[in-house]
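Hello,

Here is the structure I said I would pass on.

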Amino acid sequence: MQPEMIAQHHTDVGENPLWHPIEKRLYWTDITGGKLFWYDPATGHHQQCYSGPQVGGFTFQPDGALLLFMDRGQIAFWRDGVLESLIDAIPEERESRFNDVIADPVGRVFCGTMATPSRPGRLYRLDQDGTIRMVLEGIACSNGMGFTLDRRQMYYTDSVKGEIYLFDYDIETGALTNQRLWLKVPEGQGLPDGMTVDAEGHVWSARWGDSALYRYSPEGVVEQRITFPALKVSSVVFGDDDYQTMYVTTALSGGSQEAEGPGAGGLFRLRSGVSGLPEFYSRIRRPSL
């Protein structure tokens with residue numbers, strides 16, 4: 001259960017680890033640094049593969065391309081260093097950026113944005129035809145999402161409020177309804193950040209400011225707490241062919257290595273003895289198709 005640091009790029013806000021089942025690599029982003037990286041577990045090699053506008057989150061398309069959710073509300077396909085814009089900007093998000101996204105079981109994407117000085121953040125849904133609509137507003141900091149095993153409910157994290165919610169989710173329409181509080185993080189125990197759901201239906205939630213990754217039962221009871229040599233643990237995903245390896249990102253967040261921890265900004269992995277599930281592909285049609 002001891003986390004192993006496998007890459008150290010001193011990411012300011014390392015986030016959105018995602019296993020690419022076609023390439024058999026782990027990708028992750030440094031949001032504020034405007035960078036993407038990949039790690040190959042077969043060779044141990046890792047490198048930066050993108051530099052440009054900030055990428056708050058991304059998904060994988062069935063053809064292997066990355067769908068990037070960027071600043072100003074821009075969304076673009078990216079492959080082999082080439083960007084193909086889907087949405088150039090969302091007028092209401094020109095002072096903001098995306099922060100954490102998730103593809104749903106049929107290929108839509110739920111994508112949150114950061115708050116601005118003038119208004120709170122929002123949650124959008126990008127449909128398969130490329131249209132985008134707002135589904136939730138009044139968010140302090142839009143963050144980690146995940147689906148229950150029966151695909152009838154969706155978890156959603158508001159980090160600044162320290163809360164994770166459950167919504168009823170309609171797979172046919174993508175509608176979210178019946179929002180209720182699922183978990184409130186106790187004061188002084190950091191903020192809930194990125195998350196994933198394992199094959200047993202338990203929630204793994206990264207804890208920004210508490211040097212830890214938590215496993216919760218579906219009822220919201222803490223079952224495990226795994227500590228890291230980094231104050232700000234930002235996100236988690238399962239990967240490798242057997243989906244039994246957990247990959248965890250951390251952040252320096254403008255601090256010093258001494259203050260944030262020797263592993264801050266690094267990518268970690270661990271084998272928890274628990275299996276995960278593949279994340280869903282986004283299935284967003286290109287404008288030309």
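A definition is needed before the rest: two strands count as paired if DSSP finds at least two bridges between them. Strands themselves are DSSP runs of E, at least two residues long, numbered from the N terminus. Please keep in mind that this is a predicted model.

With those terms, the bridge partner of leucine 18 is tyrosine 27, in strand 3. Strand 2 and strand 3, the latter covering residues 25–30, are joined by five bridges and run antiparallel to each other. In general, strands of a sheet pair through backbone hydrogen bonds, in either a parallel or an antiparallel way.

These two strands belong to an open sheet of four, ordered 2-3-4-5, with antiparallel pairing. At its edges are strand 2 (14–20) and strand 5 (46–51), each of which pairs on one side only. From one strand to the next, the twist averages 25°.

Strand 2 also contains asparagine 16.

Where is tyrosine 243 found? The position is in the loop between strand 22 (232–239) and strand 23 (245–251). Is tyrosine 243 buried or exposed? Tyrosine 243 is buried, because its relative accessible area of 12% is under the 20% cut-off.

Regards

Notes:
Residues numbered from 1 in each chain as written. Predicted model: local features only at pLDDT ≥ 70, side-chain atom pairs only at ≥ 80, totals over all residues. Heavy atoms only, no water. Axes fitted to C-alpha atoms, helices over the stretch in contact; angles between N-to-C directions. Buried < 20%, exposed > 50% of the residue type's maximum accessible area, 1.4 Å probe, protein only.
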